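Reader: Can you walk me through this one? Rings to begin with, then strands.

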Amino acid sequence: MAPRGRTLLPLAAATVLVASTIFLFAAAGARWRPADTDLPVPPHAFPTAVPAAVTASSSSNATAGKELSFLDENGRPDDSSSASASSSTSGATPAAGAVRCDPRDAVRVFMYDMPPEFHFGLLGWSPPSPDSVWPDVTAASPPPRYPGGLNQQHSVEYWLTLDLLSSSSSSSPPCGRHSAVRVSDSRDADLVFVPFFASLSYNRHYRPVPPEKVSRDRALQEKLVRYLAARPEWRRFGGADHVIVAHHPNSLLHARAVLHPAVFVLSDFGRYPPRVASLEKDVIAPYKHMAKTYANDSAGFDDRPTLLYFRGAIYRKEGGSIRQELYYMLKEEKDVYFSFGSVQDHGASKASQGMHSSKFCLNIAGDTPSSNRLFDAIVTHCVPVIISDDIELPYEDVLDYSKFSIFVRSSDAVKKGYLMRLLSGVSKQQWTKMWDRLKEVDKHFEYQYPSQKDDAVQMIWQALSRKVPSIKLKVHRSSRFSRSNRGK
């Protein structure tokens, strides 16, 4: 039998060796950065290294060096945590009211200076001089107004364009006010924005005006294709880094197949073949709601006498036939309001009041999987009941809709008594929890100028910024052989 001391000595040496190895790997890992790989890496994918002074402090500061995204794991804004991280890792105390931010947090966007006929010219705006392309957003007078009524539902491109114009003229730090900042050199850009008001062009000019045989909308689309094909920015990556907004389901109808390499900002994929548009490549944006926004809303469970509400077109084509089935099934039910309605005769105002006095609001597939009704329900804090099997939702990668909505399969919704049993079984406590969450997330669906933190404009830019790594990966992979052949 070996003496006891001889056994312990090799064991102690092995322990020291293992501890040293772990220390070396930890030290190497602390110095490693995503840039070492030369691959595109999403922002905030790796935590910021914590200074030694911080790691030696109490456990309450353990997360001080962690970079947080704009929403925490529950989808809630987490300003206090990020502010704490900034102050605890800084050598100096920030001045009162100072905002510490990294300019790289804002996605860099190059926007074409296209002729006004593609954008604000469609609103009747005329440039003050031949060299002028854009309205002066710094002037005391407001920017050209977008037409009202149903046109506003699909006004996404208008708000994004205004935001870019504002960001390039703003004296404040881009990361302080904007989720996107306009750059003057396309080589410095993450994305290239195409300022074509496609939805407005369709709404106003999709019909040919005699003696014209081609509509103005189609003529603009054909002109757009020629414009982009001639641009070195498009040819550089085949349009993969371009952003085109076509929120109306029928907008960009004649050019979408040709321009499909670009990132589209859409309302849904109902009228797009998978080869042209998909969730992997494109971004879903919310409609601009028509209902009134209820700030500081106190109308809770007991203040909403109507159990279930729907007002809108009942007889629809394609997948919308389920509306008719549900109408005949629910119209006689107690505490249910199910009626035809339109924007005429103060329809939006009546719908706002009806939704705000209801616990649940139906969002049923129509001619396309999505509709403005969902976003009207959100801002009136009426819990949405979504019956649309093919719907895609804005920012669903960071926002859990099941926390404030109820999803029902179409096949279940048409079963007699199913919906009423389901909704009647939701307790006051369960409903109030969803109602509280609606009041937290409603700001993400507000379009406004100037844009505000985490409103619809900034949420769309953030969604687009999350596409940048996959765009770069696609571009880099497609360039493999062209790069290797350059020296030959």
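Author: Rings of Phe, Tyr and Trp (its six-membered ring) pair if their centres lie within 6.5 Å; planes under 30 degrees apart count as stacked, over 60 as edge-to-face and the rest as tilted. This is a predicted model: local features need pLDDT of at least 70, side-chain atom pairs count only at pLDDT 80 or more, and totals for chains, interfaces and linings use all residues. Residues are numbered from 1 along each chain as its sequence is written, and side-chain values use heavy atoms, with hydrogens and water left out.

Reader: How many aromatic pairs, then?

Author: The count is 25. One of them is Y401 with F445, edge-to-face, at 6.5 Å centre to centre and 70 degrees between the planes.

Reader: What does that pair tie together?

Author: Parts that are 44 residues apart in sequence, because Y401 lies in the loop between β10 (383-387) and β11 (406-407) and F445 in the loop between α14 (428-441) and α15 (456-465). Helices (H or I, at least four residues) and strands (E, at least two) are DSSP runs, numbered from the N terminus.

Reader: Are Y401 and F445 buried or exposed?

Author: Both are buried (under 20% relative accessible area, 1.4 Å probe, protein chains only; exposed is over 50%, partly exposed in between).

Reader: Which rings cluster?

Author: F120, W125, W134, Y146, Y158, W159 and F197, linked by ring pairs.

Reader: Now strands. What does β5 pair with?

Author: Strands pair if DSSP finds at least two bridges between them. β4 (residues 242-245) runs parallel to β5, with three bridges. β6 (residues 283-284) is also parallel to β5, over two bridges. V265 in β5 stands opposite V245, and its bridge partner in β6 is V283.
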